[in-house]
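Me: Please take a close look at one part of this structure. Then set that part in the rest of the chain.

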Amino acid sequence: MARPRFLVGAWAALLLVSLAHGIGVNWGSITSHPLKASLVVQMLKDNGINKVKLFDADSRTVSALAGTTIEVMLGIPNDQLAKMADDYESARDWVKENVTKNSNVKIRYVAVGNEPFLTSYNGSNLETTLPALKNIQKALNDAGHGDIKATVPHNADVYESPSNKPSDGNFRSDIKSIMKDMIQYQHEQKSPFLVNIYPFLSLHGNSHFPFDFAFCDNNGGSITDEGTEYANVFDANYDTLLWALKKAGYSEMKVVVGEVGWPTDGDKNANVKLAKRFYDGFLKKMASNEGTPQRPGQIEVYLFSLLDEDMKSIAPGMFERHWGIFRYDGQPKFPMDFTAKGQDKMPVGAKGVEYQTKQWCVVDPNKAHDKDAVGANMNYACSRADCTSLVYESSCNNLDYLGNISYAFNMYFQTNDQDIETCGFNGMAKVVTHNASQGSCLFPIMIVSGGARLRSGFVSAVSSLIIGLMFLITSSQSM
């Protein structure tokens, strides 16, 4: 995904009584085995999470939030923008089906599209996003839901700073006119500007980026802009947007950060230690309500994300499937001090999760001598299941030759609900009942899906190629 040079944007409501009211969490669903929505909602309650941002309006998810005090942001995917833009009746029907019928759900926002102006989309949503936004807001107003505001989640690449200083920030030249029209309309409707900001991606996308500047613990360097000192990239990125809004004539417009977080696997800088460092500093900053140099005070923020999603696109990087504060099964990864008052403890995990049988698919060491055949089987498994934890400097990078193969085989086996036929691999694999996990590398047991399972075949050919190259290198070094 394209990013401003040092500013990167790519989401979440963790709210304890003593924590700033502006913090929430994203709940994504691009997963092969979603947790039961009722279990997730209870987990939100157990952790004091009172705001949640969704990427669609799935009836099972939304209905599970009914009767709670959790504020909800519903989502409309990009592939529905054209329909909403061309036909007001479609927008009206969407509002009737997803808002009016859910009167006992505390809906606060509707997110129209998701980062529709990404440069990588080559302008495919430029003509439909604003008309869709207008039709959805009109439908909300006409149905008596005018207190619910429609907005558009933007990647931070919609603005840029040629000097890397916030005061030089402005909207991208190719979309400046559209952005100004959209902002004017949202200002009239009292709708906030929604932006996704990712300090991790600033670091990931630039080998020369100052490492500590990605965190909010004031342990790194700083930049100075017209006498204002910035100690972290989040503040600099946020204020670059504020300068862009000011130049567009809307300096007082409300800004909501739709996504912000740190992944825990799939990259050398994606791990539990650094994720904890990021959240510790960021949550402390949010709890202080210090805001940024250009706009002191509380910031409304949605952390990204609640749960790992094993079917997300890995085009931006292998880390994309590991943004969760919680694992795929709703269990916490690391302690978090949501109050920023020294109460560092593990979040409350999902309760009542139903797992499949305690069995794993591993390679038979007596039948793994043909490296070409083994490699083909491993690539097949990784093209249809999530092997991103195997990549360089990830949690399973230290496995030996047989461990790599077993991990791939087991992921395919678990993704396919432990179907015995998926642990064949031309006679090279076998099912075992002892835990196959090794050190820091978890060989997961899949949960019983809480929804319709998305079928295999979701990993791109690029993923298969990368994993294949990794496998060949690892195997040649380990044999």
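Reply: Numbering runs from 1 along each chain as its sequence is written, and side-chain values use heavy atoms, with hydrogens and water left out.

Start with the cap on H4. Aspartate 87 caps the N-terminal end of this helix. One of its side-chain oxygens is 3.1 Å from the backbone nitrogen of glutamate 89. A polar contact here is an N or O pair within 3.5 Å; within protein, one atom must be able to donate a hydrogen and the other to accept it, and residues adjacent in sequence count only if both atoms are side-chain atoms. Helices are DSSP runs of H or I with at least four residues, strands are E runs of at least two, and both are numbered from the N terminus.

Now the buried face. Buried means under 20% relative accessible area, exposed over 50%, and partly exposed in between (1.4 Å probe, protein chains only).

Among the buried residues of H5 are Leu130, Leu133, Ile136 and Leu140. Thr129, Asn135 and Gln137 of H5 are buried as well. H5 has 14 residues and runs 20 Å from its first C-alpha to its last, close to the expected 20 Å. The expected span is 1.5 Å times one less than the number of residues. Glycine 144 follows H5, with a positive phi near 85°.

Helix H8 (residues 233-247) has 15 residues and reaches 21 Å, close to the 21 Å expected. In H8, 13 of the 15 residues are buried, so the rest of the structure largely encloses this helix. Asparagine 232 caps its N-terminal end, with a side-chain oxygen 3.1 Å from the backbone nitrogen of phenylalanine 234. Glycine 249 follows H8 and has a positive phi, near 100°.

Next, some loops. A cis peptide bond joins phenylalanine 304 to serine 305, with omega about 5°. Serine 305 is in the loop between strand E13 (300-303) and strand E14 (360-363). Threonine 388 lies between helix H10 (371-382) and helix H11 (401-415). Its relative accessible area is 1%, so threonine 388 is buried. Its contacts beyond four places in sequence include Gly266, Met318 and His322.

Two residues sit in the loop between H11 and strand E15 (429-432): glutamine 418 and asparagine 426. Glutamine 418 has a positive phi of about 60° without being a glycine. Asparagine 426 has one of about 55°, and is not a glycine either. Glutamine 418 is buried at 9% relative accessible area, whereas asparagine 426 is exposed at 69%.

Finally, the whole chain. It has 12 helices and 15 strands. Of its 479 residues, 58% count as buried. The average pLDDT, the predictor's confidence in each residue from 0 to 100, is 90, and 89% of the residues score at least 70. Over residues 1-20 pLDDT stays under 50, although the model has 124 contacts beyond four places in sequence for them. Residues 455-479 are also below 50, with 46 contacts beyond near neighbours in sequence. Where pLDDT is low, the predicted coordinates should not be read in detail.

How values were computed. This is a predicted model: local features need pLDDT of at least 70, side-chain atom pairs count only at pLDDT 80 or more; totals for chains, interfaces and linings use all residues. Contact means heavy atoms within 4.5 Å.
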